[in-house]
Structures are given as structure tokens and as C-alpha cells.
Amino acid sequence: MEASDTLDRQSESELYFPPESIQQNANAQEYDKLHAFSVQDPEAYWGERAEEFSWYKKWDKVLDDSNKPFFKWFVGGKVNIVHNALDRHLTTYHRNKIALIWEGEPGDTRTFSYFALHREVSKFSNVLRSMGVKKGDIVTIYLPRIPEQVIAMLACAKIGAIHSVVYGGFSVEALAERIQDAQSKVLITADGGWLRGKIVELKMIADEAIARQGTIEHVIVVKRTGQEIYMEAGRDYWFEDLINLPVANGLNAPTEVMDAEDPLFILYTSGTTGRPKGILHTHGGYMVYTATTLKNVFDIKDEDRWWCAADPGWITGHSYIVYAPLLVGATSFMYEGAPNYPYPNRWWRMIENYGISILYTAPTAIRGLMRFGDSWVKRHDLSSLRLLGSVGEPINPEAWKWYHTVVGGERCPIMDTWWQTETGGFMISPLPITPLKPGSATKPFFGIDADVVDEEGNPVKAGEEGYLVIKKPWPGMLRTIYGDPDRYKEQYWSKYGNMYQAGDSARKDEDGYIWVIGRIDDVIKVSGYRLGTAEVESALVSHNAVSEAAAIGLPHELKGNAIHAYVILKAGQERTEGLEEELRNHVGHEMGPIAKPDQITIVDSLPKTRSGKIMRRLLKARAMGLPEGDISTLEQ
């Protein structure tokens, strides 16, 4: 048993009970009774939740499972997520409530009321319409963490276009690949963004990506840094110029009536082989699911200031920066830059300054800030915090306890959430009234029938490791992989047929608490971000010195996992001083800094099966000094 596993097992007997004040004031209802009802009759449960929203036309059927695994929700319903996230608030007291508070890394700030955000979204939706963007078109968004990123996403949804957001930390190849797969004609980017005091050259990267594929016709550029950039006449336009044209009349911008099952967005996530997968979500089910999960898990109240410290380029940002907070009428905070820039107290200063009451972040960020000690936290008044949250990967008990004690002052329950790009929202999570165990995501959300099973699909005994599965469909689930329905079936439904295979290993303890262990497949989670081994290896092999490569993830104190790569050089190529660093930088250029391997080892051969597949499991076992296990398929 590994040391971390031992720690987790010890944590199974530790219970942290929420303070009396949280238990008394939480929106959460009695869990066991309501969960049993929601799983026994999910259509009744989700039908009730959907009634909380405004529909142009009510659905005929809550769930259509006639074409499994292509489930449909709220069939026949007419809706638009933007109608519920913005339009409907204009007739309530939320009209003048703050929707979004934003701070840039250099310290500049902007705020938007619900009325102001609606106005900006309406203006930009008219700009998109004037450029020929129509219902069903896919618009690629490649922006830093600025308000225009939120505005662009909402404007696409408002007119029925599908947005494909590419994380601003991804580089040339990743962006080009995603544009090509989506066949986007419009790209929205910026002159640059700020990170750790330096400019991220987004427009330059975008230009190179456009040169690698042939679909982009228009580029809309937000002026963020003010630096000189190349602007191609007839193709590139400044966002600020367009938004102020007469065509961008925010008073006359109709919201497109959509079918509940019409696509809302595509978000690409790394696959174990081949190109990234375009995960497709829809207007109706995703709307109901994300709002319901946020409202219940984080007990959102009207006076809260909610900070999801993710990036809208990832599903966490889509669901819990952009859509769910607006759907429930919350006030959100958003920050552009690094957690520790210019000093390790940046986050704590902002929590104090803005009166943040709920912080939702990743274990990587927690571990990174924990490294600087307690004093940076303790110099700030964090008494406004009421709840804390964790997302992206299992949180180790040591980091959980520091987060709870030092940041939360032992009074803020931690909502440790397990979910995926594919699930749309929280799947396994405590509620504010749930007794907590450090490192466990606790129990399934309402309507979610989760279990841990063996190879045959039978539930494993308490404490045994198995495969995490979801036994019934839920409204926020992905509908397909864009353009590849066969891959959708193969990836998520082929192993058990009638159960969604999450691709994670897990175990359930005696109390029914679920402990997620990690990925089963060859996807490496670095700082909570999923990166496919195939993508990293492809980037390495694209270097003229490399003939073959293998990438593995090894445990890392701060990142959760770090990428270690093994490469075989082409015949005639010699190992030169600085080659490893050159290869690291090459991967960073092709995929973005997040994908840079921590270590590259040049080898003469790689362990392979007789059919030619690289045995990454064996590389990992050797690197960690663990038993090599079954090597009967190893090429001799």
C-alpha cells in the first residue's frame, strides 16, 4: 500500500461536522430521504427542478431513453439558457444586482450588474449576427480570463450558436486542432493576457494556428494589453470597434428560441488516443443540472459573493463561473492572473477586499499556496468565508486540513466535488450539512446513482478498489462526442452497456462514502487539467530529432501529477547539451506551458507489447520502484 493510500484509509475514520450555524441555515434538505426519491423516480425529481426555470414551451417528456445511450431530456421543451441566465432577471430586483466583479492581474477592476451584462451580451450577439453567425454555427473562443470571455460565450448561446472555448494556456497545435475539428469560421481572441507580470501572446499564437488550417474567415480581437500586434485587413477586427457600431444595438437583440436538446457548446477534452474529444452539451438539461447542483451543494444565498477560481476555458469555468451563478442570480468574482502574483497573499487580499463568502478551487492551487506557509493567509481577515470547495482531482488529506484550518478557520465546510467535463456538473459531493472525511467526495448528488464495480459490473465490497460508474442518466450528461457518435458509445458505454463508465478507479467505505483514486486510462491530470499521453507524445515526435516518445504521469507534491517523457532519437541524431530542455520547450510551444514535461529521458528503446503498444504502466512502475506486475505481453 502506498503512503498516500495509507493516509486516505486513516482519514476514513475522521469526521468533521459542519458548524451549527451552517446546519441551521443551509438550503440542503434531508439527504437520505430525498436522494432515495430522486434515484427511484428521477423523472419526477428533475421535472420538479425544471419547473423552477422559464420555458418558452414546456417539455412533453422529461426523459427519452428510447435510443440508449443517446439520452434526451425535456423533450419538446423550448428554452434558451441565456433567457434564464440574463433576460428573466431584468424583470426582478436582480436587474441592478451585481452579476460579475472582475480584477485583472495588474490590479484593474470592472463590475457588471445583471442589466449591464445583459446589455453587453446583447450588443455582441448583434455583432456576431452581422458577421453571418447563425444558429448551429460553431464559434471558437481563445481569450484570457476577462469579462469578454463570459460575454462572448453568452452572446453565442443567445443567438443559438455553439461556442467552443479553448483554454488560453493552450498553444498553437492544440488551438489549430480544435478549430479544424469544429470547422469554425469565427475566432474570438485578444492581443494578449496577463500572467505573472508577463504578456501571454494570444494573438500571435492564434495567427499561427489559423495558418495551419483553412476555416477561419473572421477574427475578433479584444484589446487587453495594448501591445502592438499584427492585424490582417479584411479578417481581423477590434472587439471595441465592433461593439460600438450602430449594428450593436443592445436594445434590440432577440434571444433565439432553442429546443431543449439543441447544442449549447462543445468543449474539447483529451483522449487516450487520437484527436481530442469534442464533448457536446445542450441548452435544457445542462441548464437545469448546473443550476440545481450549485444551489444545493454551495447553498447559494442572495447575499453571497461566489468565487470559482477556475478558467472558463475548462468545464469548471463553463458551469460554475459562467452559467450556474447567473442562472441562480448570484454575484460572481473573477480574477485574471496567477494565485501568487506578485506575492503569495494575492488571493487572500482579494477575499478580504471583496468580501468573498465562498471559494471554489483546485487542490493544486491549495497545495501551491500552502507551500508559502500560514503567515501569508493570517495577515488577512477571511471572516467573510462561509464555505470552501475543491475540484479537479482528489484532494490529499494534508492539503484538506490546511485548507479547512488555516483558510477556513475551522468554521467552513469543504465541498469536495467529483465530476467531469462529460457530466456537466457535480456528481459526487457533500452538502453543507454532510459530515466530512478529508479526501472523500462523500456521496452522490440527488438523482445520481453512482457505484463502484468490478470487471463484470458487480458492486465491490466496502474498502475494495473498483471502477466508478453511474447507473442512470442525468440531465447534465454529455449527449455525444461531436462528429463521432461511435466513439461516444465506445468511450463511455462499451464496458458495461447500461452504465456510464467514468474512467476513474474508486472505493466505497463502510459508511457509503466514495473515495476517488484516479484515472484508469492514459490521461494525465496535471494541476487538475486533463492531458492525453497521445497529445504529449505527438508533440515530442513532431520535433525533428525524435522518432518515438512515451509520456507518463508521476505523483507530484504540488501538481498532483507531473509529466515524465521518454524519447528515442532518430538515427543519426546525437544527444546534445540542452536537447532535453529544447524538447520541453517544444512541447510547451505545441500544446501550452501546462503540458511541459518535468523531465525528459533519452532512451534506446521503450517497453512494448507484442502488438507494438507502449507499456506506459511498466514505465511508471519502474520510475516509482514498484513491482512490474504482469509482463507476459512484453515484447522480448
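Trainee: At what angle do helix α14 and helix α16 pack?

Mentor: Helix α14 (residues 363-370) and helix α16 (residues 397-407) pack at about 70°, and their axes are 10 Å apart. Axes here are lines fitted to C-alpha atoms, for helices over the stretch in contact, and angles run from 0 to 180 degrees between N-to-C directions. So α14 and α16 are roughly perpendicular to each other, a label used for 65 to 115 degrees. Helices (H or I, at least four residues) and strands (E, at least two) are DSSP runs, numbered from the N terminus.

Trainee: Which residues in α14 and α16 meet?

Mentor: From α14 you have Ile366, Arg367, Leu369 and Met370, and they meet Glu398, Ala399, Trp402 and Tyr403 in α16. The residues of that contact split into 6 nonpolar, no polar and 2 charged. Contact means heavy atoms within 4.5 Å. For the classes, Ala, Val, Leu, Ile, Met, Phe, Trp, Tyr, Cys and Pro count as nonpolar, Asp, Glu, Lys and Arg as charged, and the others, Gly among them, as polar.

Trainee: And what should I know about the model itself?

Mentor: This is a predicted model, where local features need pLDDT of at least 70 and side-chain atom pairs count only at pLDDT 80 or more, while totals for chains, interfaces and linings use all residues. Residues are numbered from 1 along each chain as its sequence is written, and side-chain values use heavy atoms, with hydrogens and water left out.

Trainee: OK, new topic. Which residues touch the most other members of the largest nonpolar core?

Mentor: Phe124 and Phe298, in a core of 189 residues. A nonpolar core is a set of buried Ala, Val, Leu, Ile, Met, Phe, Trp, Tyr and Cys residues joined through side-chain atoms within 4.5 Å. Buried means under 20% relative accessible area, exposed over 50%, and partly exposed in between (1.4 Å probe, protein chains only).

Trainee: Switching to sheets: in what order do the 8 strands of the open sheet come?

Mentor: The order is β12-β11-β8-β6-β7-β14-β15-β23, with mixed pairing. At the edges are β12 (236-238) and β23 (480-481), each pairing on one side only. Two strands pair if DSSP finds at least two bridges between them.

Trainee: How many bridges join β6 and β7?

Mentor: Strand β6 (residues 138-141) and strand β7 (residues 162-165) pair in the parallel sense over 4 bridges, and Thr140 stands opposite Ser164 in β7.

Trainee: Last one: how many residues of helix α9 are buried?

Mentor: In α9 (residues 202-211), 7 of the 10 residues are buried. They are Leu202, Lys203, Ile205, Ala206, Asp207, Ala209 and Ile210. These buried residues pack against α8 (172-182), β8 (186-190), β9 (193-195), β10 (198-200), β11 (218-222) and β12.

Methods
Parallel < 35°, antiparallel > 145°, perpendicular 65-115°, else oblique.
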